[in-house]
Structure formats: structure tokens, C-alpha cells
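I opened a new structure today and kept notes as I went. Here is what I looked up.

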Amino acid sequence: MGLKKLFLRMATIGLGIGLMTSAALAANLRVLAWDGYADPDWVKDFTAATGIGVDVVFIGSDDEIWAKIKGSEGQDFDVFAVNTAQLQRYIKADLVSPIDITKLPNQKEVLPRFRDVSQVSGDTKDGKVYGIPFCFDSIGLIYDTDKVKPAPTSMSVLWDPAYKGKVLAYDNGEHNFSFTALTLGYKDPFNLNEEQMAAVKAKLVELKRNVLSFYTTADEAQQIYQNNDVALIWANYGQQQVKALQKIGAHVAYVNPSEGALAWLDNWVISKGVRDNAAAEKWIDFMLTKKVSGELSERTGFGNTVVESSSAGGNDKLVWLNNVEDPLKRSDLWNEIKATP
């Protein structure tokens, strides 16, 4: 065989192998997830158990998820993670597919509060299930165990004159109006009328006068804590903040308030453009195993929906984040509050 024919044959074989490899890769399950939701060892175990390959793309914001899913009309991914406050947006835009719960045997073994998905606000529409709860964290209260005694049970402690100048609060209008509404006893903290909005604003002005500083990142809150006399922190980053503070030797503990703690809940959902529905269902079911769920909480500090964790006890009242009545108005009022002497 001449060299030219040999090279031609080798090239043809190489092209064939390349096409086979591309086809194999194209058949992989395409997962869009937050960092920590699809760790390499879990992906490896999933493939070993099912024979299904997985391609994971990690994202860093809700806006990025929307851009990727909406940009391809759901065609670029098979399964992705999104929180309940955002899921209805995808349902309305026809970007997600209903999920057959009967194909997820592990859903029968999840914690009671997550077992009946129809009772989880935002996960269903017109009797169809679109989201399967996977992990969560509450936005509770961190307190210094040496300075705050007895242990607090309500967010109302943030207004206690005894802790004036010793409180750290999160710099966010939406969340601050919501948690204060809960503290005032309003049933729906995400849809406030004019009278309620005015009452919450007045209450937040009082809070501002008790606050040492407002923070935006967990690292910033930790630095302020280390350099000042801080007794209480409204913990927007939940258990992550607790673990970080305890790691530097802080004597702190965490509580979900009796009036209810705001909380986010991330779900696995199936894209409208899913190529292999059965493979997507197997992925979701695998993510609901005790092994994965337990390791998730251990590695991230987040709560999971399968085994009890430190994020919330079975009797803790969690109020899942939802869209608010007027984000711009809340932002404007929050800026007014911060500018109040």
C-alpha cells in the first residue's frame, strides 16, 4: 500500500473515530448546575451506576441560568437547577417539562416537608410537577453565645436596645422588607399593601438605629465581626456564615426564628429541550440518594431534602422566597431608610 493510500485510510479511520466520539459526547446528559451540586465523584458514581455520561456546566447567578436556558429555548441542556422563586418564570416561558414523580422512587423517601411537592410553593402549575426539591438554606439569625443569653427565638431581638450598635444586618431591600414583615406578623411577606409597607419601613428605620453596619458579602460580615463588638448577625448566607465564623474560633450559634425564616429552595428541573427524558429522571433520582444528600450538606453547609441537617429542624418554620410585589419600590424605600439619620 502506498504512503498516500495509507495516510488516506488512517485519516478515514480517524474521522470515523472522531465522529463516534462526538456522537457519544452528544448523547451525554447535559447538566446546568451551581457549584457543589454536581461534584466529580457524584458524576462518576452516576455514570458507573447508569452507564450515562454527563457533561456539567456550572453557573454563578440566576441571571446566568436564565440567559443560557432562554437563549437556546431550552435546547442546550437536559436538566438544570433553579430556585422556587424563579421556577414559575421558566414555566410561564414554556422552557421546562413536567416531571413524572412515579419515575423517581427516591422522592418517596425524602423528608416529610418535601415529600408532597404540591405543597411546596412554586414547584407545580395546573396540577403538574415541574421542580423536585434538592437543597436549601434558611436565612436565620447568628448570635454570639457569650454575649446573647438566653438564646434568641425571634428576629425581634435585633431591635433590643441591649444590643444597640452590636447588630450586623444585610444590605438588601427585598429581603429586609420580607423578614421584617414576618416579624410584624404579616402573613404574606412578599405582597405588602401600602399600609403594611409603611409600617415595615418605620420598623426598618428603628432597626437601622440599632445596627452597627450593613454588609453585602459573607466575607465582609466576617471581617466586621472580627474587628468589632458584634452580638447578632442577620445571616443572609445562613449556615455558610456560621461554618466560616466557627472556623476562625467565633463562639456563635444559629437559630431559625419562631415567626418563620426566609429560605431559598433549589430544585432539579427538566428542560423543554431534553433529549432523553429517562436519563434526566435517573439523574434527579440519583441526586435524591442519602449518600449524595448527606455529602452535599457536609461539603456546603446547605440543607438537603433527604436527611436532616443543621439548616433546619423538622419543626422549624421556613418561608420559601418568592417574587415580591414591587422590587423597585422596595429598593427605593430601602435607600430612603439608609439615608435616614
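My entries run from the whole chain down to single residues.

**Ground rules.** I am working with a predicted model, where local features need pLDDT of at least 70, side-chain atom pairs count only at pLDDT 80 or more, and totals for chains, interfaces and linings use all residues. Residues are numbered from 1 along each chain as its sequence is written, and side-chain values use heavy atoms, with hydrogens and water left out.

**Whole chain.** I counted 12 helices and 15 strands in the protein chain. Helices (H or I, at least four residues) and strands (E, at least two) are DSSP runs, numbered from the N terminus. Along the principal axes, the C-alpha atoms fill a box of roughly 90 × 45 × 40 Å. The chain has 341 residues, and 50% of them count as buried. Buried means under 20% relative accessible area, exposed over 50%, partly exposed in between (1.4 Å probe, protein chains only).

I then looked up the surface. The accessible surface comes to about 16200 Å², and 53% of it belongs to carbon and sulfur atoms. These areas come from the Shrake-Rupley method with a 1.4 Å probe; for residues, only the protein chains shown count as cover. Next came contacts, meaning heavy atoms within 4.5 Å. Among contacts with a separation of 6 or more, 76% are between residues 24 or more positions apart.

**Strand β9.** I turned to residues 167–170, which form β9. Val167 and Ala169 are buried on one side, Leu168 and Tyr170 on the other. Which strands pair with β9? Two strands pair if DSSP finds at least two bridges between them. Strand β10 (residues 211–215) pairs with β9 in the parallel sense over four bridges. Strand β11 (residues 232–234) also pairs with β9 in the parallel sense, over two bridges. I checked Val167 for partners: Val211 in β10 and Leu232 in β11.

**Aromatic rings.** My search of the whole structure found 18 aromatic pairs. Rings of Phe, Tyr and Trp (its six-membered ring) pair if their centres lie within 6.5 Å; planes under 30 degrees apart count as stacked, over 60 as edge-to-face and the rest as tilted.

Trp66 and Tyr90 have ring centres 5.0 Å apart and planes at 70°, so I logged the pair as edge-to-face. Trp66 is in helix α3 (residues 62–71) and Tyr90 in helix α4 (residues 84–92), 24 residues apart. Both Trp66 and Tyr90 are buried.

Trp264 and Phe302 are also edge-to-face, at 5.0 Å centre to centre and 85° between the planes. Trp264 lies in strand β13 (residues 261–271) and Phe302 in the loop between α11 (290–300) and β14 (303–304), so this pair ties together parts 38 residues apart in sequence. Trp264 and Phe302 are both buried.

I also noted a cluster: ring pairs link Tyr37, Phe46, Phe134, Trp268, Trp283 and Phe286.

**Charges over rings.** A charge sits over a ring if NZ of Lys or CZ of Arg is within 6 Å of the ring centre and within 35 degrees of the ring normal. The charged end of Arg89 sits over the ring of Trp66, 3.8 Å from its centre. Lys203 lies over the face of Trp159, 5.0 Å from the ring centre.

**Gln107.** Is Gln107 buried or exposed? Gln107 is buried, with a relative accessible area of 3%. I placed Gln107 in the loop between β4 (96–97) and α5 (112–115). A polar atom of the Gln107 side chain lies 2.9 Å from the backbone oxygen of Phe114. Leaving aside neighbours within four places in sequence, the contacts of Gln107 include Ile101, Ile132, Asp285 and Leu288.

Terms used
A polar contact is a pair of N or O atoms within 3.5 Å; within protein, one must be able to donate a hydrogen and the other to accept it, and residues adjacent in sequence count only if both atoms are side-chain atoms.
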